[in-house]
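Me: Please go through the terms used for this structure and show how each one is applied.

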Amino acid sequence: MDDISKKVLELKDESIKCRRFFHSHPETGWFTFFTTAVIADKMSRLGYNLKMGRDIIVPEERTGLGSDENCKQAIQRAKSLLNKEQIKYLDIMEDGLTGLVADIDTGRDGKFIAFRFDIDGVDVTESKDSDHRPFVDGFSSDINGITHACGHDGHITIGLLLAKLISENLNDFNGKFRFIFQTAEEGTRGAVGMEPTGILDGVDYLFGGHIGFQAKDMGGIICGTNKFLATSKFDIVLKGRSAHAAGSPQDGANALLAAAQIALNMHGITRHSDGVTRVNVGILRAGEGRNVIAPNAYLACETRGETTELNEFMKAKSFDIIKGVCLAYGVDYEIVHTGGTSGGDSDDEVTYLYEECAKESPFVQNEKIVQKLDFGACEDFAHFMQSVQKSGGKSGYLMIGTTLAAGHHNYKFDFDEDSLLVGIDVFLRAIYKTNGIYNKG
């Protein structure tokens, strides 16, 4: 083991404790009040300068917000869990301006390196079965209906301990570092609210990654993730006119039939020859009674594309269908945007950097290193990645191999905590190679 891996290995027990702490207190979307406050307190103690609230989020750009009542409940829950040093951060988060940005500057010329770590859980009730380790070992979710079932508790841990190693070894580095702890990654809702504040301005390298997904072998790693799909998430609310289905059907405007026609026509959109496109209507609810012309309907929809342009093509076609069908059925409609992100590819330069670091890491098995892989799905990181790339910076996304107890978003999701060391080690090596005063390998 070299000096880097020794430093990382010393944090093994702390990494497990940290991951389990956040696993036991999950929050979703814009309501990550407790999680944000705890991270803010830890990063401040490490010597990082914090940006929060309106400094990192444009409130009007947020999508997929929850109800006011759920927001109030999340704040009250956070207050019950936080200590007096942590609770002071709640006011700046207002009605859900959660997440934070933390900076540290060496005072020496060098690259501006940023990391993105997502912090939200998912709307899943965690298993209480006797074969589910978090339940058996006493670190399962403390609230029904929310779980860290995607590994973001691990991502928070990697971010915090990487920040600790940078802070404790600041004399080893040039340049400056930024940690973006992003809320509302699930549903691809958070990046579009954060990016307009300029948190990526001047960034030379943006690093990110995920535990698991296609990297399913412990000791493995996927160094370059490509073909992130762009996506748009939106709800359709239809308002028709009720009437007696037998006595006066001509007086009604049938929102149910309009919704059904929209769903069928959207799924019939011609695909594009330039690349992969997707569309899905995941929920359709309509009507009030067996003998009533349905006056209302609701659809939850999404489009995806291999590029941002291809996704825009699918979204535009969908909106044309909505408009035309509603006109034909005499139904009013409202489209509510609930999320979305860009598509894109990791830069080869960052992919090769990750690969070089992985080959040096004792926590990675060389035969399990995959240089590049097409993702074929969506991740909010892509919105940040594209922003950095458009400004001349470089960005890349890796996947950290782990053994999964169940798939992502499953109520029995759990991962091998040794994978935390892989993430910390590879990222740390990457910054020694890009901003190190000397090579620690």
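Reply: Buried means under 20% relative accessible area, exposed means over 50%, and partly exposed lies in between, with a 1.4 Å probe and protein chains only. This is a predicted model, in which local features need pLDDT of at least 70 and side-chain atom pairs count only at pLDDT 80 or more, while totals for chains, interfaces and linings use all residues. Residues are numbered from 1 along each chain as its sequence is written, and side-chain values use heavy atoms, with hydrogens and water left out.

Me: What makes R20 and E417 a salt bridge?

Reply: A salt bridge is a side-chain nitrogen of Lys or Arg within 4 Å of a carboxyl oxygen of Asp or Glu. In R20 and E417 the closest N and O atoms are 3.0 Å apart, so the pair meets the rule. R20 is in helix α2 and E417 in the loop between β12 and α12, 397 residues apart. Helices (H or I, at least four residues) and strands (E, at least two) are DSSP runs, numbered from the N terminus.

Me: How do you know that R19 and D414 form a salt bridge?

Reply: Their closest N and O atoms are 3.1 Å apart, and the limit is within 4 Å. R19 lies in helix α2 (residues 12–23) and D414 in the loop between β12 (394–400) and α12 (419–435), so the pair ties together parts 395 residues apart in sequence. Both R19 and D414 are buried.

Me: How many salt bridges does the rule give?

Reply: The count is 29. One of them joins R304 to E302 at 2.9 Å between the closest N and O atoms, and both residues are buried. A network of salt bridges links D2, E356, E360, D425, R429 and K433.

Me: What makes β2 and β4 a pair of strands?

Reply: Two strands pair if DSSP finds at least two bridges between them. Strand β2 (residues 100–105) and β4 have 6 bridges and are antiparallel, with A102 as the bridge partner of F179 in β4. Strand β3 (residues 112–118) and β4 run parallel with 7 bridges, and I113 stands opposite F177 in β4. Of the 7 residues of β4 (residues 176–182), 6 are buried.
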